[in-house]
Amino acid sequence: MNLYTSSSALFAYSATPRVSTLHSISRFSCSPKSAGGGGGRSWSRSSCLVFCALKLRGVFEAAVEKKSSFSSTAAAAAVVASGSAYNQDEISTPRTFIDACTEQDLLLGIQKEVKAGRLPKNVAEGMEELYYNYRNAVLHSGHPNADEIVLSNMAVAFDRMFTDVRDPFQFSPYHQAIREPFDYYVFGQKYIFPLLDFRNSFLGNISLFNEMEKKLQQGENVILISNHQTEADPAVIALLLESSSPSIAENMIYVAGDRVVIDPLCKPFSMGRNLLCVYSKKHMNDDPGLTDMKKRANTKSLKEMAMLLRGGSKIIWIAPSGGRDRLDPVTKEWYPAPFDASAVDNMRRLVEHAGVPGHIYPLAILCHDIMPPPLQVEREIGEKRVISFHGVGVSVAPEISYQEIAAALGDPEQVTSLAVLDRVKMRSNRNRT
């Protein structure tokens, strides 16, 4: 069996609007069809642009057709990006996971590499747990080819994780997505895709994303001030924007905490995103001996961001909360975590001093159910990954005018931060309803 069959054989959907609403909100409806025979696609458009899998499938097919995609050559090939490289002359990754044909092959492969001393036991345990949780979530989707999707996606995921364990990739302050010889962006999209219930997902205010694209084309910058829910946020945003705003989906730069560029189960997904790597304030003092190093690293990343903004045509996503939203222990509801006022004000200053026009928009994400974080902030790397099949939502609010807010409310820093957070909460509530 060819595990890397073109995704047209794995994903056959028709996109039809289940619900059309006002305020430029699209609801996505992707109904499973058989992968063979009559797996055609029908299109329907309302006043809102409806997401469909057609473009994504085309991207997947293009990635699979690359000569290096999902091959032993790709696994050992030199990947040069962000100051780190894989040298195929120094390392050759076994085909333990790539050659797996069954679930048993994958799980036995983990044990084999542990016994061979090539895979740390704690990483192996995390991989096995991840497999079962991912499998159960995809099976819950009801897709007729769920078993094949799970095997294909997990084989590639394990291969990428194992490759990085053997030759760890080092992220620089500004990391550009690795698209060749192995396309990590497509890998991440394909992995998260079957976890989203598109029948119960939506993208709000598409017209504002179109507005952003025009500003970017004119050389202007866009900043998205957002809440943060899961490790899958970048993939969720990109999947919902893939059809209507593909350039935003692929070119967005994410301000990312250190944990997603350190955790071996997370790193391969991070390698497919454009990142500005920082240390979160929540973990700044976990090890007092490293605090000064972390602060210096954050200063470097801040300088990189300033340089990027001076170049124009950049769209940057940042979560000023410094971490993921967590369940309220009393109400059992999810709400955006409080924003760090200094982080919001820093973004304002960077935009204003970039030398090119810049625009700041509040963005709300609702996707906690597909991959909720631990109830408490954990110091140790290697959290338990709970995974579910669920609907998601992304919505953007109109551009923020700092001058108007400050003039109306007074305090130019603290009040502005609260005002931006309030707009994110409003969009979050819209996502929820």
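A residue counts as buried when its relative accessible area is under 20%, as exposed when that area is over 50%, and as partly exposed in between. The legends below use these words for a predicted model.

**Figure 1. S313 lies in the loop between α11 and β11 (315-318).** The relative accessibility of S313 is 38%, and therefore this residue counts as partly exposed. Its backbone is also of interest: S313 is a residue other than glycine, yet its phi is positive, near 60°. Most residues other than glycine have a negative phi.

**Figure 2. N205 occupies the loop between β7 (201-204) and α7 (206-217).** Although N205 is not a glycine, its phi is positive, at about 55°. Because its relative accessibility is 11%, N205 counts as buried, whereas S313 counts as partly exposed.

**Figure 3. A cis peptide bond joins E180 to P181.** The omega angle of this bond is near 0°. Most peptide bonds are trans. P181 belongs to the loop between β6 (174-175) and α6.

**Figure 4. Helix α6 comprises residues 184-192.** Of its 9 residues, 9 are buried, so the helix is largely enclosed by the rest of the structure. Among the buried residues of α6 are Y184, F187, K190 and I192. D183 caps the N-terminal end of the helix, where one of its side-chain oxygens lies 3.1 Å from the backbone nitrogen of Y185.

**Figure 5. T96 is located in the loop between β5 (84-85) and α3 (103-115).** With a relative accessibility of 12%, T96 counts as buried because this value is under 20%. When residues up to four places away in sequence are not counted, T96 touches G109, K112 and E113. With E113 there is also a polar contact, made between the two side chains at 2.4 Å.

**Figure 6. The second largest pocket contains about 310 Å³ of space.** Its lining is formed by 15 residues, and F171, S172, V261, C277 and Y279 are those nearest the centre of the pocket. By type, the lining residues comprise 9 nonpolar, 3 polar and 3 charged. Helix α11 (residues 291-311) gives the most to this lining, contributing 3 residues.

**Figure 7. The whole protein chain has 14 helices and 13 strands.** Of its 433 residues, 56% count as buried. The chain exposes about 18,300 Å², of which carbon and sulfur atoms supply 51%. Among contacts between residues at least 6 apart in sequence, 78% join residues at least 24 apart.

Methods
Residues numbered from 1 in each chain as written. Predicted model: local features only at pLDDT ≥ 70, side-chain atom pairs only at ≥ 80, totals over all residues. Heavy atoms only, no water. 1 Å grid on protein atoms, 1.4 Å probe; cavity = no way out; pocket = protein on both sides within 12 Å on 5 of 7 lines; lining within 4 Å. Points joined across faces, edges and corners; volume = space filled by probe spheres on them. Helix = DSSP H or I, 4+ residues; strand = E, 2+ residues; numbered from the N terminus. Nonpolar A, V, L, I, M, F, W, Y, C, P; charged D, E, K, R; others polar. Buried < 20%, exposed > 50% of the residue type's maximum accessible area, 1.4 Å probe, protein only. Polar contact = N/O pair within 3.5 Å; in protein donor to acceptor, adjacent residues only side chain to side chain. Contact = heavy atoms within 4.5 Å. Areas by Shrake-Rupley, 256 points an atom, 1.4 Å probe, with all protein chains shown as cover.
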